[in-house]
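Let's take a walk through a protein model together, going from the whole chain down to single residues. Keep the 3D view open as you read.

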Amino acid sequence: MTTLLTIIVLVFILVAIWQMVKIFDLAQAKNENTQVATDKDNTMNAYLMMGFLAFIYVITIVCFVKWGDLPLMSNAASEHGVVVDNLMVISMIIIFIVQTITQFLLHYFAYKYKGEKGKKALFFADNNKLEAIWTIIPVIVLAGLIIYGLNTWINIMGVDESDDPIVVELYAQQFNWKARYAGADNTLGKANVRLIDIDRANILGIDEADPNAQDDVITTELHLPVGKPVLFKMRSQDVLHSAYMPHFRAQMNCVPGMITQFGFTPTVTTADMRETSQIKEKVQRINNIRVENSKPLLAKGEEPLESYEFDYLLLCNKICGKSHYNMQMKIVVETQEEYNAWIKEQKAFKNSLIN
Amino acid sequence: MSAHADTHAHEDDHGHHHKETFVTKYIFSQDHKMIAKQYLITGTIMGVIGVLMSMMFRMQIAWPEEPNVLFEALLGKWAPDGVMDADIYLALVTIHGTIMVFFVLTAGLSGTFSNLLIPLQIGARDMASGFLNMVSYWLFFLSSVIMVISLFVEAGPAAAGWTIYPPLSALPMAQGGSGMGMTLWLVSMAIFIASSLLGSLNYIVTVINLRTKGMSMTRLPLTIWAFFITAVIGVISFPVLLSAALLLIMDRSFGTSFFLSDIFIQGEVLHYQGGSPVLFEHLFWFLGHPEVYIVILPAMGLVSEIMASNSRKPIFGYRAMIASILAIAFLSTIVWGHHMFISGMNPFLGSVFTFTTLLIAIPSAVKAFNWITTLWKGNLQMNPAMLFSIGFVSTFITGGLTGIILGDSALDINVHDTYFVVAHFHLVMGISALYGMFAGIYHWYPKMFGKMLNKNLGYIHFWITAVCAYGVFFPMHFIGMAGLPRRYYTNSNFPLFDDLANVNVIITIFALIGGVVQIVYLYNFFASIFYGKKAEQNPWKSTTLEWTAPVEHMHGNWPGDIPHVHRWAYDYSKPGHDVDFVPQNIPLKDGEEELQH
C-alpha cells in the first residue's frame, strides 16, 4: 500500500513539474517568435558564463580549504610514500595552473565575444605557430612528469632482496583478511587452496609437509616493525580483492591463482602517528561527529557510537561481493621490541593445527 | 561522370516505388533519419533508467541504511522496510555503468548522430546498406530489452561492476547477481556488440564510398571525421570484448578455465585450473579503454561543428583537429593497461602504459586550445547547443587534467578505485559526452523533427545541469584523495571516513537536483515534437549539406540532384562575402581562393 502511495505521489510530483514547465513554455511563447538566440539571449548568457567561471573558482577554493588538508596526501607513513606525495603535489600544482588559465580563457572569450547583430567574426582558420606552441608546451611538461613518475614507479615496484625484507602473506577471502608471517626462516611455506582443510584448521591451504611452513604464523591483525622493509605476497582464495593501505600509499590486487607482491618500509609507528597534530585534529573532528550521531541513538535507548581512535587500515578496494564495504584489517606499526614481543605470542602453524 | 550516373540510379531506387506503410515508415524503417530517431528515443529511455538508478544509490551513500519510501516503492523485495540491500546497491552501480556507457553514450549518441548526419553531411541518399542499418537498430533494441529484463530476475541483476571481472562475475556462489542476471547481461552485451559492429561497418563504408562530388576527405565536416574514426575504433576493439564475453560464458556454463584458477569458495574447491582473471582484464580493457574514446570522439565532432557554426568562425586548426582525432584513436588502442597498474601485471608493462597514456594528453590539449581559439574574436550565438558545447570543453578540461594523475602509475597506486577515479571519468567522458549529446540534440532537432526546441527551457536545462555537474563531481575528487574506495555500500564501518559523510550529502543533493531538472529537457523534447515552432530550413545558418535538404523528411534526402560540394565546411565570416556563411554547395566566386587549410 505504501508502495502504491509513494508511486502515486511521485507521479503527481512529476506531473506537477511537467505542468509548471508547460506553463512556463506557453507563457513565453507569445512574446517570442524565434527559437534562435537573439542579442538579448547572447548578452544574458555571456554574463552567466562569467558567473559560472566564478562558480568554478569558488567551488575549487571551497574544496581545497574545507577538504584539502588531505591527510592522505601529506602524511605518508612509508618511505616511498613521501616521494609519491611530492609527485602528487607537483602534479596538482600543474593541474591547478592549467585549469585556472584555460577555464578563464574559455569563459572569458564566451563573455567577451558575445554575438551582436551585424557584427562579423574574424576569419581566422589556422596558425601553425600557435599549434606548435600548444603542442610543444604539453610535450615538455608531460616529459618531465613521465620521467619523474616512471622513476618513482620503478623505485616503488622494484624489490631489493638485499634489504632482507620481512616476508608477509596477505590472504584475502570473502570478506576478511589474514596475514601470514614467514617465521624465523623468513620463508613462507608452500600453499594452495586445494590443501585447505577446514577440519584441521588449515584455513589458508598451507602445505603441512613443507618444512618452511612449520614456523609460519597466521594472524588477523597486521603488525609491522617500524623502519624495516616488508614484502607482501598477496593471495586470494575466491574472487579478486585489492589490498589497499592508503596511509602507506600502497595497493595491490589479490588474484586467485597467482601471487602478487608489493613492498614498502613503514616509517611512523601507530603511536607516533596518533600524536601528529593533523591526525589529532582529524580524530577530534570525527569524534565530534560521532557524538552528534550518537544523540538519536541514545534517545532511542541504544548504545552510542564508540569513540574513534586512529589506526592504520587495510581495506579491500576491488568489488568482491555483498560485504565488500566491510572488509578490513587493522595495521599496527610498532617498535622492533614491541613487534618481537607480539610475534612471540602468536601460534606457529604446526601448533595451530587440530589433529 | 560516373558519379552522376550513380546518383541518378540511386534516385530512382529511392524516390518513387516505395509505398510506405506505418510499419515500414516508423518501425522497420530503413531510412537513416528514422533509424537515428529510433536510436535517440531508445537511448533516452535507457538514460532515464540509468539516471534514476544513480539517484537511488546516491541517496543510499548520503543517508546509509536509512529507510526510504522511494526504495521501498521501486526496489520491492530488495529494500525490506525501505532499507536498500547491499546486493542491490552493487547491482544498481553495475547496471548504471553499463547502461550509461553502452546504451546511452555509445548507441544513443553515436548511433543517433552517425545515422542522422553521415548521409546528410556527405551528400548521400542513405547509408550504404539501409537493411543492415535497420538490423543494427533492432539488435540494439533487443539488447536493451534483455538488459531491462535482467533487472527482474530472481537472484538479482548483474552486480560485479560494469567491468564484470571474474571470478566474481563467473561464480554464482560468489554473488547472487552472478547467476541468471549475469547470463542475461552477457547475452545482452553480445547482441549489443553485434549491433554496434553492423552499425560501424555501415558508417565506414558509407563515408568512404558515398561522398558526393567534390566532397574530398579534407572537406568533410569534423563530425564526419569523428564518426568515421569512432567506427574504425569500434570495429577494432568491440570484437575483443565479444571474445572476452564468450570465453566468460564458457567458463560459467561449460566448465572451461580461461579466467579461473585455484578457487576455494563456500567450503569447496572448484575444479578450475590454469586460467587468469588478469587475462580477462586485458581483453576487457582492450575494448574498455577505446570505448571511452568511442564515447567522447563523436561528442568532440559535434562540439567542433556546433562551435564553429555558433561562433560564426571557421573551426580553428581544421587539419590539427583531424590529426588529433587520428592520434587519439591510435593511442587509444595502446593505453588499456593503465586500468591495470596494480592488477599484478608486470611493473615494466605498467611503465610502458604510463608513457603511452600521458601522451594522449597532447592531442587532447591541442583540441582544447583549438576550441578556445575558435571562440576568440567570434560572434558567439548563445543557442542552447552552443552553451552545451562550451560546457563540454569546460568539463573535458577539468576531467581530463586529473587523468595526468591517474595515468601516472606511481600516483595511481593510491587513488586507484577510489572516488577520485569516479570523479575523473564522469567529468571527462560521462558529463562531457552527455553535453556533446545534448548539444547535438539542441542543434539538429530541427533537422530530426522539423520543429524548434524552446530555447529558454534549453537555457534553464543547461545552467542548472552545469552547476549540478560540478557540484557533484568536483568535491568527489577530494573524498577520493582522502582514500574513500568506490563501490562501498556504506562507509559507516570506517570511522576514518566519518568526516567525509557531509561531503557525500552535498554531492547527493546536487545529483538529485541535476537528475530532476532533466524533466525540463524531456518535456521540451517530447512536447516540441508536437507543439514546437516549425523549423526553417537552415535555422542556425550553417554551411553543411544537411541544411540544404528540405525540412520535411523524404526518402533520398534531396528532391532533385544531390548537391555538389565546392568548398570546406567552415566558410563562416569569410571576407569577400556579404553573408557570414557560405554553404558547401556554393561554387567559389571568380578569383576566390579556397583556403589552404
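This is a predicted model: local features need pLDDT of at least 70, side-chain atom pairs count only at pLDDT 80 or more; totals for chains, interfaces and linings use all residues.

Chain B contains 19 helices and 2 strands. Its C-alpha trace spans about 80 × 50 × 50 Å along the principal axes. How does the radius of gyration of chain B compare with that of a compact globule? For 597 residues, such a globule would have a radius of gyration near 25 Å, and chain B has 24 Å, so the two agree. Of the 597 residues in chain B, 65% are buried. Now think about contacts between residues with a separation of 6 or more: in chain B, 80% of these join residues 24 or more positions apart.

Next, let's see where the two chains meet. The contact takes 113 residues from chain A and 119 residues from chain B. On the side of chain A that touches chain B, helix H5 of chain A (residues 128-157) gives the most, with 16 residues. That side of chain A divides into 66 nonpolar, 30 polar and 17 charged residues.

Now pick out helix H13 of chain B, residues 384-401. With 1.5 Å for each residue, its 18 residues should span 26 Å, and because its end C-alpha atoms are 26 Å apart, the expectation and the model agree. This helix is mostly covered, with 18 of its 18 residues buried.

H13(B) has a partner in the other chain: helix H4 of chain A, residues 79-112. Their axes lie 10 Å apart, and the helices pack at an angle of about 175°. An angle over 145 degrees counts as roughly antiparallel, so that is how H4(A) and H13(B) run relative to each other. Which residues meet here? From H4(A), they include A:Ile95, A:Val98 and A:Leu106, while those from H13(B) include B:Ile390, B:Val393 and B:Ile397. The residues of this helix contact divide into 8 nonpolar, 5 polar and no charged.

Finally, let's zoom in on one residue. B:Ala170 sits in the loop between helix H6 (130-149) and helix H7 (180-209) of chain B. Is B:Ala170 buried or exposed? B:Ala170 has 27 other C-beta atoms within 10 Å, so this residue is buried; the cut-off for that is 20 or more. Leaving aside neighbours within four places in sequence, its contacts include B:Ser178, B:Leu248 and B:Phe259. By contrast, B:Ala320 is 150 residues away along the chain, and the C-alpha atoms of B:Ala170 and B:Ala320 are separated by 45 Å.

How values were computed
Residues are numbered from 1 along each chain as its sequence is written. Chains are lettered from A and ligands numbered from 1 in the order in which they are written. Helices (H or I, at least four residues) and strands (E, at least two) are DSSP runs, numbered from the N terminus. The expected span of a helix is 1.5 Å times one less than its number of residues. A residue is buried if 20 or more other C-beta atoms lie within 10 Å of its own, exposed if 12 or fewer, and partly exposed in between; C-beta atoms are placed from the backbone. The radius of gyration is taken over C-alpha atoms; the globule rule is 2.2 Å times the number of residues to the power 0.38. Two residues are in contact if their C-beta atoms, placed from the backbone, lie within 7 Å. Axes are lines fitted to C-alpha atoms, for helices over the stretch in contact, and angles run from 0 to 180 degrees between N-to-C directions. Angles under 35 degrees count as roughly parallel, over 145 as roughly antiparallel, 65 to 115 as roughly perpendicular and the rest as oblique. Ala, Val, Leu, Ile, Met, Phe, Trp, Tyr, Cys and Pro count as nonpolar, Asp, Glu, Lys and Arg as charged, and the others, Gly among them, as polar.
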